[in-house]
Amino acid sequence: MTGHTRTGCRLSHELRADLRARATGTRERCGLLFGRCADRHFVIVAVLELENRADADDRFELDPAEIVVRSADHRARGLVCLGAWHTHPGGSAVLSERDHSGASEGWLSVVVGARNDLRAYAHGPAGTARELDLQQ
Ligand SMILES: [Zn+2]
């Protein structure tokens with residue numbers, strides 16, 4: 001991961017529709033993103049929903065043990081865990097303060113907001129993040 005500045009994220013029309021359909025209700029939903037790292041891009045191949053373990057509706061929390069198990073499953077198919085997606089039902093697809101501080105460097109975040117707002121971010125050092133160019 002080091003030495004690469006990824007500027008784009010490939011996400012198919014089907015997977016976008018799949019994610020957008022989950023931005024419903026009042027509680028955030030969340031899961032993992034699997035795929036590959038191409039030269040300058042994250043390439044998302046599979047989306048998986050996991051239980052949101054947070055104790056409030058406006059945040060999300062994944063079970064670290066489940067990330068390990070699911071990542072091993074996908075590794076057998078040649079896919080790596082690129083990061084996580086979560087919804088902001090009723091809000092925009094902009095990272096919150098908590099989203100910034102909760103992600104580690106190199107991690108990919110896809111945020112699904114209301115009204116089909118969907119954005120991807122690459123997390124950098126010390127809570128920084130950069131929005132990525134979304135491509136098919
Ligand atoms: Zn968020």
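Is A126 buried or exposed? A126 counts as exposed, because it has 8 C-beta neighbours inside 10 Å, and a residue with 12 or fewer falls in that class. Keep in mind that this is a predicted model. Here is a short tour, from the whole chain down to two single residues.

**Overall build**
- The protein chain contains three helices and seven strands.
- Read from the N terminus on, these elements follow the order β-α-β-β-α-β-α-β-β-β.

**Size and packing**
- A compact globule of 136 residues would have a radius of gyration near 14 Å, and the value for the protein chain is 14 Å, so the two agree.
- Along the principal axes, the C-alpha atoms of the protein chain fill a box of roughly 35 × 30 × 30 Å.
- Buried residues make up 28% of the 136 in the protein chain.
- Take the contacts in the protein chain between residues at least 6 apart in sequence: 62% of them join residues at least 24 apart.

**N116, a loop residue**
- You will find N116 in the loop between β5 (108–113) and β6 (118–123).
- The phi of N116 is positive, about 65°, although N116 is not a glycine.
- N116 counts as exposed because it has 11 C-beta neighbours inside 10 Å.

**A126, back to the opening question**
- A126 sits in the loop between β6 and β7 (129–135).
- Its phi is near 55°, which is a positive value in a residue other than glycine.

Terms used
Residues numbered from 1 in each chain as written. Predicted model: local features only at pLDDT ≥ 70, side-chain atom pairs only at ≥ 80, totals over all residues. Helix = DSSP H or I, 4+ residues; strand = E, 2+ residues; numbered from the N terminus. Rg over C-alpha atoms; globule rule 2.2 N^0.38 Å. Buried ≥ 20, exposed ≤ 12 C-beta atoms within 10 Å, placed from the backbone. Contact = placed C-beta atoms within 7 Å.
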